[in-house]
Amino acid sequence: MKFAFLTYGCKVNQYETQKIREGLEAGGAIESEEPEFYIINSCTITDKIDRDIRRDIRRIRKNTRAKIILTGCLTKRNFDSELADFVVPNEKKDDISMYPGGVKYKTREYPVSYTHLTLPTKRIV
């Protein structure tokens with residue numbers, strides 16, 4: 001699996017992203033400039049960060065075919081279901097088994113191997 005990160009927020013989020021990175025690399029995944037997955041560790045401390053996250057996701061969707069895995073604070077708030085292909089709940093983001101690894105997939109299809117991930121749904125707060 002090839003992956004890349006976008007991390008928003010405080011030093012804690014930076015640390016958590018590094019833990020996820022190390023866990024994925026230990027399992028054979030590699031960080032890449034042409035990833036199969038973007039893992040977005042979100043923070044929603046301000047409305048500006050929410051807008052920045054949405055803007056960056058639209059940019060990714062426009063420029064790549066990479067799947068988007070959303071984790072962090074935004075998963076607890078009201079968000080558009082089209083923001084991400086998969087959601088790893090904030091409280092489980094340190095659990096490396098929650099992330100896909102080394103599985104081939106077809107565009108916009110969700111293989112059985114990803115059943116442990118949560119498909120996004122509209123949330124009302």
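Phe3 stands opposite Phe37 in strand 3, where strands are DSSP runs of E with at least two residues and helices are runs of H or I with at least four, both numbered from the N terminus. This is a predicted model, in which local features need pLDDT of at least 70 and side-chain atom pairs count only at pLDDT 80 or more, while totals for chains, interfaces and linings use all residues. Residues are numbered from 1 along each chain as its sequence is written, and side-chain values use heavy atoms, with hydrogens and water left out.

**The sheet**

Strand 1 (residues 2-7) and strand 3 pair in the parallel sense over five bridges, and pairing here requires that DSSP finds at least two bridges between two strands. Taken together, five strands form an open sheet with parallel pairing in the order 2-1-3-4-5. Strand 2 and strand 5 stand at the edges with a single partner strand each, so one side of each has no neighbour in the sheet.

Some residues that stand opposite each other across these pairs are listed below.

| Residue | Opposite residue | Strand of the opposite residue |
|---|---|---|
| Leu6 | Ile40 | strand 3 |
| Tyr38 | Ile68 | strand 4 |
| Leu70 | Val87 | strand 5 |

**Covered strands and packed helices**

In a regular strand the side chains alternate between the two faces of the sheet. For strand 3, Phe37, Ile39 and Asn41 on one side and Tyr38, Ile40 and Ser42 on the other are all buried, a word that stands for under 20% relative accessible area, with exposed meaning over 50% and partly exposed the range in between (1.4 Å probe, protein chains only). Strand 4 (residues 67-72) is largely enclosed by the rest of the structure, because six of its six residues are buried; Lys67, Ile69 and Thr71 lie on one side, and Ile68, Leu70 and Gly72 on the other.

Helix 1 (residues 11-26) lies across strand 1, strand 2 and strand 3, and runs at about 175° to strand 1; such angles, from 0 to 180 degrees, are taken between N-to-C directions of lines fitted to C-alpha atoms, for helices over the stretch in contact. Helix 2 packs on the sheet and touches strand 1, strand 3 and strand 4, its direction making about 180° with that of strand 3.

Ser32 lies in the loop between strand 2 (30-31) and strand 3 (37-42), and counts as buried because its relative accessibility is 19%. Leaving aside neighbours within four places in sequence, Ser32 is in contact with Lys2, Phe3 and Ala4, contact being heavy atoms within 4.5 Å. A polar atom of the Ser32 side chain lies 2.9 Å from the backbone nitrogen of Glu34.

Thr75, in the loop between strand 4 and strand 5, is buried with a relative accessible area of 3%, and a polar atom of the Thr75 side chain lies 3.4 Å from the backbone nitrogen of Asn90.

Pro100 lies in the segment after strand 5 (86-87) and, at 3% relative accessibility, counts as buried. The C-alpha atoms of Pro100 and Met1 are separated by 7.8 Å, although these residues are 99 residues apart along the chain.

Definitions and conventions. A polar contact is a pair of N or O atoms within 3.5 Å; within protein, one must be able to donate a hydrogen and the other to accept it, and residues adjacent in sequence count only if both atoms are side-chain atoms.
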